[in-house]
Amino acid sequence: MEDYPLEYYEFFVSFNEGDYYTCHDLLEEMWMTDKGNLFLKGLLQMSVSIYHYEYGNVKGARLMMQAAQEYLQSYRPKHWGINLEHVYGFIEECLTIFPENIDRLPFEMIETLPKLPQLVLYLED
């Protein structure tokens, strides 16, 4: 099995627990040391997208998920132990679920948004 930065392993735990804010922090820390790594940036944007959506920022979620889709494209089908075909299916499904006619919802109306599918991330190495 390949060795990855500790933050990468912690990212999997945080992502699968639904702590997308922590995911952002972990990935950003790694990305700041290697800003050319669009794989990390793609995972970061995907995590931020879900976080935005959960707080009613639908437009921000849509834009971040589109960016994640673009950044991760060249790393398909598998990179750093992640099956990106699985991730891509999730991204594409989210993009169809995000309401197109809503930019932002007040916090008290967030539960009216369609639910996103669940993505469980794991290393395949």
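**Exercise 1.** Does Tyr21 count as buried, partly exposed or exposed, and why?

*Solution.* Start with the model itself: it is predicted, so local features need pLDDT of at least 70 and side-chain atom pairs count only at pLDDT 80 or more, while totals for chains, interfaces and linings use all residues. Residues are numbered from 1 along each chain as its sequence is written, and side-chain values use heavy atoms, with hydrogens and water left out.

Next, find the residue: Tyr21 lies in helix H2 (residues 20-32). Helices (H or I, at least four residues) and strands (E, at least two) are DSSP runs, numbered from the N terminus. Then apply the cut-offs: buried means under 20% relative accessible area, exposed over 50%, and partly exposed in between (1.4 Å probe, protein chains only). Tyr21 counts as partly exposed because its relative accessibility is 48%.

**Exercise 2.** Describe the pairing of Tyr8 with Tyr4 and with Phe12.

*Solution.* First, recall what to look for: a pair of aromatic rings is described by the distance of the centres and the angle of the planes. Rings of Phe, Tyr and Trp (its six-membered ring) pair if their centres lie within 6.5 Å; planes under 30 degrees apart count as stacked, over 60 as edge-to-face and the rest as tilted.

The structure holds 16 such aromatic pairs. In one of them, Tyr4 and Tyr8 are tilted, with 5.1 Å centre to centre and 55° between the planes. Tyr8 and Phe12 are edge-to-face, at 4.9 Å and 90°. Now place the second pair: Tyr8 and Phe12 are four residues apart in helix H1 (residues 6-17), so about one helical turn separates them. Finally, check burial: Tyr8 counts as buried because its relative accessibility is 0%, and Phe12 counts as buried because its value is 7%.

**Exercise 3.** How do helices H3 and H5 cross, and which residues make the contact?

*Solution.* Begin with the geometry: the axes of H3 (residues 38-54) and H5 (residues 84-97) come within 12 Å and cross at roughly 35°. Axes are lines fitted to C-alpha atoms, for helices over the stretch in contact, and angles run from 0 to 180 degrees between N-to-C directions.

Then list the contact (heavy atoms within 4.5 Å). H3 brings Phe39, Met46, Ile50 and Tyr53, and H5 brings Leu84, Val87, Phe90, Ile91 and Ile97.

Last, the handedness: H3 passes H5 in a left-handed crossing, where the near helix is turned anticlockwise from the far one by less than a right angle.
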